[in-house]
Amino acid sequence: MKIQNRIALIFTILTAGIILALSVFIYTFTRKGIENSFFHRLEVRADIVGHASLHENKSQTSIYYDIKEKHLGDLPYEQHNIIRSGEVEKVNQLKAQLPVPPSFYDQIVRKEPARYFENDTSYVGLNITQEGKNLIVISKAVDLYGLEEMDNLKNLMVIGFFIAMIFVFTFGKLFSNQIFEPIRRIIRNVKGINAHNLNQRLTIDGTKDEIDALSNTFNDMLDRLEITFDMQNNFVSNASHEFRTPLTVISGEAQIGLSLPQIPEEARESFQMIFREAEKLEHLTSSMLSLAQTGFDGKREQWDKIRIDELILSVKSAIDQILPTNSVEINFDDLPDDEKKLEVNGNEALLKAAFTNIVLNSCKYSDNKPVSVKIGNEGSNIVVEVTDQGIGIPDREIAQIFVPFFRASNTNKYKGYGIGLPLTNNIIKMHQGSIMVKSVVGVGTRFITYLPFGY
Ligand code: ADP
């Protein structure tokens, strides 16, 4: 998950926690308040009923009931139970009827406030003594208005909670999006910097914040990289150039030696050996020079529209000359009808060198067994698949075959320097393409090259 989304989510969860805790707090206290005020109202009524019952004088009793009727009114489901001293039977009956716990009765006996709430019903108990007479009133009623109020509060809180969450998440996302915009800008800029434009630098806003510090650090690193790349590039180019002239002289002199009449057989063999090795070294230095150039400068000025099918045909004829015994077959079955889907923007000489390397390797590492070259299409890419039935590449070494001078452990019997594939890889990358390798030791290898269409 992106940090940006993670921040929005954490922000939302935290706020949800706080709102929930606050809602529970408000709900509990409001409920307690409403419950207490209802208990109090019920107790006032119980007290009046109790006192009215204490009087044997009928007119006194009706005065109490009048007051209750006129000034207090009835509560929903209001019910009063009067227990006079000695009415043991009635106590037992009530105990069986009412759901109140035994502690409720103990509190009445101790003349403490006895209050109980269950199933939306409130129960109160009073122990009244007046003029030597004593009785107990146990009253119950339902606070319909209070329950409705609590229900409304609950609904309000639930709806409010969800609306708040939507707002918090939306604003959290917008906020984190804004915070991360400078980082995304840096990522975009850094992605655009490669070996070909190492002189580019990130823009510094001058805000002296962490983002500016990060951009500065990147720029410092790019400075160091540019210097190192330049040094390496110059060294490889200069060294290759410097090697070329003496090598040409050596092979020229060896050829002269070979052309001398009547030279002893041993000297002839020595000249031949010098000539062959000098040629190898020449090939190696020019490959290294190409590798350095494709890796650092590129040759963009020579770019054209190139048809891949024609290029592969020219690769085949080049291979026919170098290796007349090859069994390379070109498969045009999947060729797209639209010619535009066969064109790439690129440098013909470099692309030819790249595909020649891949196909020559396939011939070399399969001892000239059949090699198939298939041209097709996939998405916005031209795909060239080169498949051989050769020695294959050990699984754990596949990742390294594009590293300069790397040679797999099963190649002792074959000559090579480990420069061809790194060069090929650089060329394909210069053309915004990529290479995929599938290989099974003893069965064969498939190189799949993807190059984007040139329009
Ligand atoms: P080399 O001169 O050794 O052929 P490359 O750079 O062309 O150098 O290839 C690097 C390594 O990749 C080779 O040494 C070999 O181990 C492996 N390789 C390349 N192509 C094939 C192939 N078609 N079959 C098996 N191994 C291959």
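How many salt bridges does the count come to? The count comes to 19 salt bridges. The model is a predicted one. This report looks at three of these pairs, then at a helix and some loop residues.

## Salt bridges

| Arg 115 | Glu 43 | 2.9 Å |

Take the salt bridge between Arg 115 and Glu 43. The pair links distant parts of the chain, 72 residues apart. Arg 115 belongs to strand E2, residues 114–118. Glu 43 belongs to helix H1, residues 3–54. Is each partner buried or exposed, or something in between? Arg 115 has 32% relative accessibility, so it counts as partly exposed. Glu 43 has a relative accessible area of 12%. The cut-off for buried is under 20%, so Glu 43 is buried.

Arg 201 is partly exposed, because its relative accessibility is 29%. Glu 226 is partly exposed as well, at 23%.

Where do Lys 280 and Glu 277 lie? Both are in helix H7, residues 265–296. They are three residues apart, about one turn of the helix. Why does that spacing matter for direction? An α-helix has 3.6 residues a turn, so residues three or four places apart point the same way. Lys 280 has a relative accessibility of 29% and counts as partly exposed. Glu 277 is partly exposed too, with a relative accessible area of 37%.

Some salt bridges share partners. In this way Arg 307, Asp 309, Glu 310 and Glu 339 are joined into one network.

## Helix H8

How does the span of H8 compare with what its residues should give? Helix H8 runs over residues 308–322, which makes 15 residues. At 1.5 Å a residue, the helix should span 21 Å. Its end C-alpha atoms are 21 Å apart, so the two values agree.

## Loop residues

Phe 405 and Phe 406 belong to the loop between E9 and H10. Strand E9 covers 381–387, and helix H10 covers 420–430. Phe 405 has a positive phi of about 70 degrees, although it is not a glycine.

Phe 406 is partly exposed, because its relative accessibility is 21%. Which residues does Phe 406 contact, leaving aside its neighbours within four places in sequence? They are Glu 397, Gln 400, Ile 401 and Gly 418. Phe 406 and Tyr 417 are 11 residues apart in sequence. In space, the C-alpha to C-alpha distance between Phe 406 and Tyr 417 is 7.7 Å.

Asn 119 also has a positive phi, near 50 degrees, and is a residue other than glycine. Its place is in the loop between E2 and strand E3 (121–130). Asn 119 has 68% relative accessibility, so it counts as exposed.

Methods
Residues are numbered from 1 along each chain as its sequence is written. This is a predicted model: local features need pLDDT of at least 70, side-chain atom pairs count only at pLDDT 80 or more; totals for chains, interfaces and linings use all residues. Side-chain values use heavy atoms; hydrogens and water are left out. Helices (H or I, at least four residues) and strands (E, at least two) are DSSP runs, numbered from the N terminus. Buried means under 20% relative accessible area, exposed over 50%, partly exposed in between (1.4 Å probe, protein chains only). Contact means heavy atoms within 4.5 Å. The expected span of a helix is 1.5 Å times one less than its number of residues. A salt bridge is a side-chain nitrogen of Lys or Arg within 4 Å of a carboxyl oxygen of Asp or Glu.
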